[in-house]
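Here is a short report on a few local features of one model.

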Amino acid sequence: MINLHELPLDILIENILLYLDEKSLLNLSLVSRYFHRMANDEHIWKYLAFDTFHLSPDIDTGNVSWKDFYIRLSNTQVYVWGENDDGRLGISHITSRAVQTPSEIVELRHKGIVDIVSGGWSFHAVCASGLIYTWGIINAEDQNANLGRERYSNPALLQSREHPENRIRFKSISSGRSHVIGLAKDHSVWHWSNHHLLQQVDLSSVDSKVVQVSANWGYSCFLTESGELYRVSAPVPVRRNQTEPATPTTPTYELSMSDNEDRIEQIAGMAEYTMVLTHSGKVIKLHTSQSGIATSDRTELIHYNLSSRENTTGRKKIERRITAAFNHFAVYTVSGEVLLGDVETAEGDRPILLAELNHHNISRITFGDYHYGALTNQGELYTWGSYSMGALGHGNNRRAQVLPMKVSYLQNMFVFAIGFGGWQSSALAFPR
């Protein structure tokens with residue numbers, strides 16, 4: 001029998017060590033000097049960090065090793081600020097309507113939060129285990145006696161009525177104004193508009209694995225591995241006395257690229273439109289507010305497409321990204337530019353370019369209703385737009401911020417995830 005230490009290094013690392021979790025790697029490092037060296041390999045801890053957390057592919061850890069960086073990520077602190085009239089920020093002892101600087105939700109320390117999104121009046125935070133903490137009001141506009149109107153002034157586990165073994169574990173989630181859609185670790189898809197009962201999306205007619213979900217204003221879309229786009233209607237409201245989830249939602253097929261040389265790679269939902277990024281670098285705006293109109297109502301934004309400058313970077317694969325929410329979107333280019341646009345952007349319109357964002361290693365742009373945030377690969381957060389009851393995070397400065405400005409209150413923290421929505425903001429960070 002071959003002993004573990006006799007295996008070639010490439011096989012040991014690529015086929016065994018990359019599949020171990022943090023605890024197993026730490027235990028293996030105690031076996032011998034050889035395995036201590038192997039279990040502390042930078043490549044392994046970098047892989048583990050990207051597999052566990054929602055990190056930008058270009059994130060800069062500075063002088064910190066990937067192992068130390070991973071351990072710091074495991075001790076995330078959750079910060080929120082902005083509109084708090086209805087207690088949506090999840091800090092019960094803060095009664096101010098406007099929270100103008102980032103404030104920590106202390107009870108979420110050591111919960112392993114890896115990602116956070118925000119809806120119209122709520123927040124949803126994903127743990128490394130796949131469980132979700134949620135707080136605020138998911139659907140504040142629901143005038144009926146439905147569970148979506150429930151207010152949570154402190155974070156609570158989603159599916160709290162379910163036995164722990166029966167709770168869905170999620171890989172990623174996306175929030176619309178009054179609902180959330182999630183891609184589970186088993187590749188099933190669920191959506192909900194309350195804290196307790198989730199509604200499954202019926203994938204029996206979908207031939208390929210779902211790889212991305214994206215919430216629009218009052219509906220959702222998802223993308224399959226083969227590049228097909230599907231639309232999902234809003235989840236059915238759940239009555240307060242209801243104990244069983246609604247019948248699974250049937251999605252509708254909307255679009256796939258007819259060109260065999262290209263296919264959809266990423267999607268990002270706005271209110272009435274879904275932004276599409278293709279394999280060849282094209283950016284297309286699809287009208288998806290109703291089923292069946294995306295094919296005929298689509299606009300290729302030619303000045304947002306892959307440029308010749310990006311195409312000569314020497315990379316084998318062009319890494320472009322796109323995010324969107326409500327009426328705004330952003331395209332991140334390989335050459336370091338951030339191309340901003342909105343719902344009115346037409347075929348021949350030029351991108352909006354902000355000097356404070358271009359070539360500053362921006363890893364993500366997030367959008368509230370009227371305020372916006374940009375995260376750098378160095379863990380710095382910039383905000384601009386409307387004051388929005390303090391959602392910019394710049395303190396008692398009630399004027400609109402025209403250009404992106406660093407949030408100085410987080411200067412001693414490394415921010416690695418942000419989620420803006422409505423008139424509120426959130427960030428995940430750890431001490432530098």
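Is N84 buried or exposed? N84 is buried, at a relative accessible area of 4%. Buried means under 20% relative accessible area, exposed over 50% and partly exposed in between, with a 1.4 Å probe and protein chains only.

This is a predicted model: local features need pLDDT of at least 70, side-chain atom pairs count only at pLDDT 80 or more, and totals for chains, interfaces and linings use all residues. Residues are numbered from 1 along each chain as its sequence is written, and side-chain values use heavy atoms, leaving out hydrogens and water.

**Loop residue N84**

N84 sits in the loop between β1 (77-83) and β2 (98-104). Strands are DSSP E runs of at least two residues, helices are H or I runs of at least four, and both are numbered from the N terminus. Not counting residues up to four places away in sequence, N84 touches L89, I94, S96, R97 and V99. Contact means heavy atoms within 4.5 Å.

The side chain of N84 reaches the backbone nitrogen of L89 at 3.2 Å. A polar atom of that N84 side chain also lies 3.2 Å from the backbone oxygen of S96.

**Strand residues**

H124 is in strand β4 (residues 122-127). Its side chain makes a polar contact with the side chain of S122 at 2.9 Å. L183 belongs to strand β8 (residues 180-184). Beyond four places in sequence, the contacts of L183 include F170, V189 and V211.

| Residue | Relative accessible area |
|---|---|
| H124 | 0% |
| L183 | 1% |

**Helix pair α4 and α5**

The axes of α4 (residues 42-52) and α5 (residues 66-73) come within 8 Å and cross at roughly 25°. That makes α4 roughly parallel to α5. Angles under 35 degrees count as roughly parallel, over 145 as roughly antiparallel, 65 to 115 as roughly perpendicular and the rest as oblique. Axes are lines fitted to C-alpha atoms, for helices over the stretch in contact, and angles run from 0 to 180 degrees between N-to-C directions.

Which residues of α5 make the contact with α4? They are W66, K67, Y70 and L73. On the α4 side, the contact residues include W45, L48 and F50.

Key: A polar contact is a pair of N or O atoms within 3.5 Å; within protein, one must be able to donate a hydrogen and the other to accept it, and residues adjacent in sequence count only if both atoms are side-chain atoms.
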